[in-house]
Amino acid sequence: MALEDVFENLPDPGSYSFPDYAIPQGDPVMPVALTDDELHALLDLYETFAAVDPTGLDSNPFLANTTEFLQQTFGAPAYRPDEQLNDDIAGMLNDFAEDLSGGELGVVDASPKHHQTLYFFLVSAKGYHMAPHIQFDPDPAAVETLYRLYQRVTEQDYYLKRPSTILE
């Protein structure tokens, strides 16, 4: 499947909302099947994605110095949403790798945070790919794998991982 076909199927960020997982007395999870090959495809896609600098700070020393000066002058923290997303994706992939435990096939527990991270990973990959000033040409098979995993998580009912009782 072509990248444009995969990206065309994504829900619009302007109108999309995440389900409410607010359940008392437990951790909601969506158990989904994941293969080792899918995990490796996601890891490769993550490495390609994390190497992109959407802000241009890394490739433009003047912009980087100006940003640093403004941060020092006004005391603003150096916050980059793309770095936070990269950290969230790395954490999710680590969780999935732990759930697989080196097996060829396993069930991973996708949390509501993982659901959000998968969506933002897909939407950001689409944005990076479509932006003319960013050179991001990911492997279409890896993006399709990411989309299929996102669909499985979205379609799965959630369960309580560690249910508590009213006595606790």
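Biologist: In this predicted model, why are H4 and H5 called oblique to each other?

Modeller: The axes of helix H4 (residues 81-100) and helix H5 (residues 112-130) cross at roughly 130 degrees. Angles from 65 to 115 degrees count as roughly perpendicular and those over 145 as roughly antiparallel, with the rest as oblique. H4 and H5 are therefore oblique to each other. Their axes come within 10 Å, and the crossing of H4 and H5 is left-handed.

Biologist: Which residues make the contact between H4 and H5?

Modeller: On H4 the contact is made by Asp82, Leu85, Asp88, Ile89, Met92, Asp95 and Phe96. On H5 it is made by Lys113, His114, Thr117, Leu118, Phe120, Phe121, Ser124 and Tyr128. These residues divide into eight nonpolar, three polar and four charged.

Biologist: Which residues form the contact of H2 with H5, and how do they divide into nonpolar, polar and charged?

Modeller: Leu45, Tyr46 and Phe49 of H2 meet Phe121, Ser124, Ala125 and Tyr128 of H5. The residues of this contact comprise six nonpolar, one polar and no charged.

Definitions and conventions: Residues numbered from 1 in each chain as written. Predicted model: local features only at pLDDT ≥ 70, side-chain atom pairs only at ≥ 80, totals over all residues. Heavy atoms only, no water. Axes fitted to C-alpha atoms, helices over the stretch in contact; angles between N-to-C directions. Helix = DSSP H or I, 4+ residues; strand = E, 2+ residues; numbered from the N terminus. Parallel < 35°, antiparallel > 145°, perpendicular 65-115°, else oblique. Left-handed = near helix turned anticlockwise from the far one by under 90°. Contact = heavy atoms within 4.5 Å. Nonpolar A, V, L, I, M, F, W, Y, C, P; charged D, E, K, R; others polar.
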